Amino acid sequence: MTDPAAEDAKRIKTMKLYSHVDRVYNELKELGYGLTDQLKVEDLSRVDQYHYFGTQAVQEAIDDLKINSSFRILDIGSGIGGPARYIAQKTGCHITAVELQEDLNTVATDLTKRCNLQDNITHVCGDFLQADYGSESFDLIVSWLTYLHIPDKEKLFENCWYHLKKGGKMFAADFFESQPFDSAEIEKLSSAVYASDIPSKERYISLLESAGFKHIKFVDETEKWTDFVKSRHEEYVANKTRHVRVHNEEVYAEQEYFFCVVRKLFGGGHLGGCNVTADKV
């Protein structure tokens, strides 16, 4: 029988953003680090944040959600662990970082150990939709640009609600459909971004309510994110020589393609970005 999680991991690994996972080591070499050197989070954070606005966005979440050392946090789709390490370093809390893609999880575990944060972060490779970490286990669930890859939003939000303690909160930086997508946009979202079933704002809120969440706050970040992805693409292209030197032509081409596609999707006026918080009461 085919393992759905393994199939999803294989499919996601073909994403332009998530191939060549070891490129973070090239960036660390550029910063003067060897393959086994101990790392400073403030240096690593310059190259391990794969979401929009980097550590600025994570710090805003720390402040808004009032994260402190007593928190137990679940990070869904934790990638190579950038946000988890930044939060752990800043607050001293404990984070369970769940990542579907095995090679991303392996790199994340290595980087966390080299930052001496292994006591604060537990890296887990697996499918959140198939996992059970215990009812009411976490004070907070966070995710940066992962929910968009998960088509079964009903089960996703039900699982989030189940794993949160009463009084806990969920935070997600995510995509939404601000206007109906055309067929070309649907194809690009699927083939290049591996995003499917992107809900409208209204459906997003309805899905959270159906899962049991209350006090839902939906902040439309589309204008800011549109500017960000435009600048990101332009800066990447402007620094082609540097990127090819640090990585290679193939890595540059794949990254540039992905950044270009996302820029065009946001520029089309149909794709939106949001920060969403919801409470379990």
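The legends below describe close-up views of a predicted model. Local features need pLDDT of at least 70 and side-chain atom pairs count only at pLDDT 80 or more, whereas totals for chains, interfaces and linings use all residues. Residues are numbered from 1 along each chain as its sequence is written, and side-chain values use heavy atoms, with hydrogens and water left out.

**View 1. The open sheet has 7 strands in the order β3-β2-β1-β4-β5-β7-β6, with mixed pairing.** Strands (E, at least two residues) and helices (H or I, at least four residues) are DSSP runs numbered from the N terminus, and two strands pair if DSSP finds at least two bridges between them. The edge strands, β3 (121-125) and β6 (214-220), each pair on one side only. Neighbouring strands are turned by 15° against each other on average, direction ignored; axes are lines fitted to C-alpha atoms, for helices over the stretch in contact, and angles run from 0 to 180 degrees between N-to-C directions. Strand β2 (residues 94-99) runs parallel to β3, joined by 5 bridges, and Val 98 stands opposite Val 124 of β3.

**View 2. Strand β4 (residues 138-144) is largely enclosed by the rest of the structure, because 6 of its 7 residues are buried.** Buried means under 20% relative accessible area, exposed over 50% and partly exposed in between (1.4 Å probe, protein chains only). β4 pairs in the parallel sense with β1 (residues 72-76) over 3 bridges, and Ile 73 stands opposite Leu 140 in β4. β4 also pairs in the parallel sense with β5 (residues 164-177), over 6 bridges; there Ala 173 in β5 is the bridge partner of Trp 144.

**View 3. Helix α7 (residues 153-163) lies across β1, β4 and β5.** Its axis runs at about 155° to β5.

**View 4. Phe 157 and Tyr 204 form a tilted pair, because their ring centres are 5.5 Å apart and their planes stand at 45°.** Rings of Phe, Tyr and Trp (its six-membered ring) pair if their centres lie within 6.5 Å; planes under 30 degrees apart count as stacked, over 60 as edge-to-face and the rest as tilted. Phe 157 lies in α7 and Tyr 204 in α9 (residues 201-211), so the pair ties together parts 47 residues apart in sequence. Both residues are buried.

**View 5. Phe 175 and Phe 266 form an edge-to-face pair, because their planes are at 90° with the ring centres 5.5 Å apart.** Phe 175 is in β5 and Phe 266 in helix α12 (residues 249-267), 91 residues apart. Phe 175 counts as buried at 4% relative accessibility, and Phe 266 at 3%.

Key. Contact means heavy atoms within 4.5 Å.
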